[in-house]
Amino acid sequence: MEYHNLKPFPDGFLWGASTSAYQVEGANREDGKGPSVQDVKKVPEGTSELDVCADHYHRYQEDIALMAEMGFKEYRFSIAWTRILPQGVGEVNPKGIAFYSDLIDTCLQYGIEPFVTIFHFDLPAALAEKGGWSRRESVDEFVNYCRILFENYGDRVKYWLTINEQNMLTLVGEAIGTARLRKDVSRLKQLYQDNHHMLLAQAKVMQLLHEMVPGAKIGPAPNISLVYPKTCKPADVLAAQNFNAIRNWLYLDMAVWGYYNPLVWAWLEENNALPDILPGDMEIMKAARPDFIAFNYYSTSTVEASDGTEKDRGDRFGQGGRVGVPGQYALTKNGSLPLTQFGWEIDPEGFRATLREVYSRYHLPMMITENGLGAYDRLEPDGSVHDDYRIAYLRDHIAQMRLAINDGCEVMGYSPWSAIDLISTHEGMVKRYGFIFVNRDESDLKDMKRYRKDSFFWYKKVIASKGEDLD
Ligand code: BG6
């Protein structure tokens, strides 16, 4: 659809950006924080440890002042479960409570809405040792943690996100450093049992927030991107439907409608991997309802029909999968899309297509909680960083988001990844996403000084013009 007169971004549109605790904070052994699975994992060869990161824990005031200078209306950050409950359950750590309380207050002082992710890849190590999400108890452990957050911050935080990228935890947990496979059940059975517990925990927590903090809003935050068929051959179209169901719709069908996506159910059944569901679980899922759908979008995926020979070779094929699933789909390159320096496809029109599809399936307001470009940025001697490639990526995505709004999609805000440079999930500090450059490299912490990249000044202009001026 083409438009001659574009509607503006809606009033109150939440412009901002995102981070996550274990990637940005550092101080991972300070002030009573317990270890998370991220702190105890072995980082990939040659990449930074997660002990200092961007040192946001000590410098958040300076960082939030810079976000305010860009004109942020919201800041999406995550709370580290192990700062609040060092062992995941039991004793509450007052210093952890105080840290996020101060961070929230700092945002509010600048008129920045805190947009809080409750859980972003950093399960307490003590719980992981016991079996993590594979245990039924994990549901109540998560609810207990959330109750503490709602009690302490519910008076100031209006927007909550349950679990960051639950679909990636299920699809590529090994790459994120969260998967711990048991020997007594098949990999598939365990992953989808863990997934069931997370879905149930999420449903309970959405209800809990609505009871405890009337008016506050909560939603899931998966990584959603449309899956294309490689060709118009019917077998490729069916493969795309399979992967769309496995990658995307399972998570949203459950969060919004409380039922298992039938294609995924049939696939799990065929493989003896159906999760154990206790009486009452599905009623809880059905009764819960999110206020919005948040999702992260980096690029689309493309698949073709499986010839039944795909093997899980353990390597990652873009975001969201490995080689494919025999009998379901085979991942393949799109072929018509440019790539980032790190080999990720760039597809702004796919962003519009994804927004349209999510809205027409679920009819809920959408919040974009991640979108961005990882690159090797260079700090010039005069303190500038010329990241025109990032500006181009963000500009094209914002333009497509505006078209999607004109298509009738309801979009609440845009929170790209990342507000400031931080450590990538598995590709270290050199893969930078931020508007703010942090002067350190993989192992040399240098002076950790903050510098404004060209994208900083550009995004400031975008926000000031309410998305009108993208040049
Ligand atoms: C998302 C995650 O998957 O993508 C972030 O929520 C992550 O935690 C981001 O950092 C970019 O991925 P990567 O692997 O380049 O850091």
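Trainee: Let's start with K446. Where does K446 lie?

Mentor: K446 is in the loop between β13 and β14 (450-452). Helices (H or I, at least four residues) and strands (E, at least two) are DSSP runs, numbered from the N terminus.

Trainee: What's the phi of K446?

Mentor: K446 has a positive phi of about 45°, although it is not a glycine. Most residues other than glycine have a negative phi, and most peptide bonds are trans.

Trainee: And is K446 buried, partly exposed or exposed?

Mentor: K446 counts as partly exposed because its relative accessible area is 49%. Buried means under 20% relative accessible area, exposed over 50%, and partly exposed in between, with a 1.4 Å probe and protein chains only.

Trainee: Before we go on, what should I know about the model and the numbering?

Mentor: This is a predicted model, where local features need pLDDT of at least 70 and side-chain atom pairs count only at pLDDT 80 or more, while totals for chains, interfaces and linings use all residues. Residues are numbered from 1 along each chain as its sequence is written, and side-chain values use heavy atoms, with hydrogens and water left out.

Trainee: Fine. Which other residue has a positive phi although it is not a glycine?

Mentor: F121 does, at about 65°. F121 sits in the loop between β3 (113-119) and α6 (125-130). Its relative accessibility is 3%, so F121 counts as buried.

Trainee: Where is there a cis peptide bond?

Mentor: Between W417 and S418, with omega about 5°. S418 belongs to the loop between β12 (411-414) and β13 (436-438).

Trainee: Let's zoom out. How many helices and strands does the protein have?

Mentor: There are 15 helices and 14 strands. The radius of gyration is 21 Å, close to the 23 Å that the globule rule gives for 471 residues, so the protein is as compact as a globular protein of that length. That radius is taken over C-alpha atoms, and the globule rule is 2.2 Å times the number of residues to the power 0.38.

Trainee: What box do the C-alpha atoms fill?

Mentor: Roughly 60 × 55 × 45 Å, taken along the principal axes. Of the 471 residues, 61% count as buried.

Trainee: On to the ligand. Which residues come nearest?

Mentor: Q23, E165, T425, K431 and Y433, out of the 16 residues around the ligand. A residue is near a molecule if one of its heavy atoms lies within 4 Å of it.

Trainee: How does that shell divide by residue type?

Mentor: Five nonpolar, eight polar and three charged. Ala, Val, Leu, Ile, Met, Phe, Trp, Tyr, Cys and Pro count as nonpolar, Asp, Glu, Lys and Arg as charged, and the others, Gly among them, as polar.

Trainee: Which side chain has a polar atom 3.0 Å from an oxygen atom of the ligand?

Mentor: That's S424. H120 has a polar side-chain atom 2.9 Å from a ligand oxygen, and an N or O atom in the side chain of N164 is 2.9 Å from an oxygen of the ligand. The protein covers 99% of the 380 Å² of accessible area that the ligand has on its own. Those areas come from the Shrake-Rupley method with a 1.4 Å probe; for residues, only the protein chains shown count as cover.

Trainee: What about contacts within the protein? Which side chain does T19 pair with?

Mentor: Y75, through a polar contact of 2.8 Å. A polar contact is a pair of N or O atoms within 3.5 Å; within protein, one must be able to donate a hydrogen and the other to accept it, and residues adjacent in sequence count only if both atoms are side-chain atoms. T19 lies in the loop between β1 (14-18) and α1 (21-24), and T19 is buried because its relative accessible area is 0%.

Trainee: And which side chain is joined to D387?

Mentor: R390, by a polar contact of 2.8 Å. D387 is in the loop between β11 (366-370) and α14 (388-406).

Trainee: Last topic: how many disulfides are there?

Mentor: Zero, taking a disulfide as a pair of cysteine sulfur atoms within 2.5 Å. C53 is in no disulfide, and the nearest cysteine sulfur, that of C107, is 18 Å away.

Trainee: Are C53 and C232 buried or exposed?

Mentor: C53 counts as buried because its relative accessibility is 0%, while C232, at 74%, counts as exposed.
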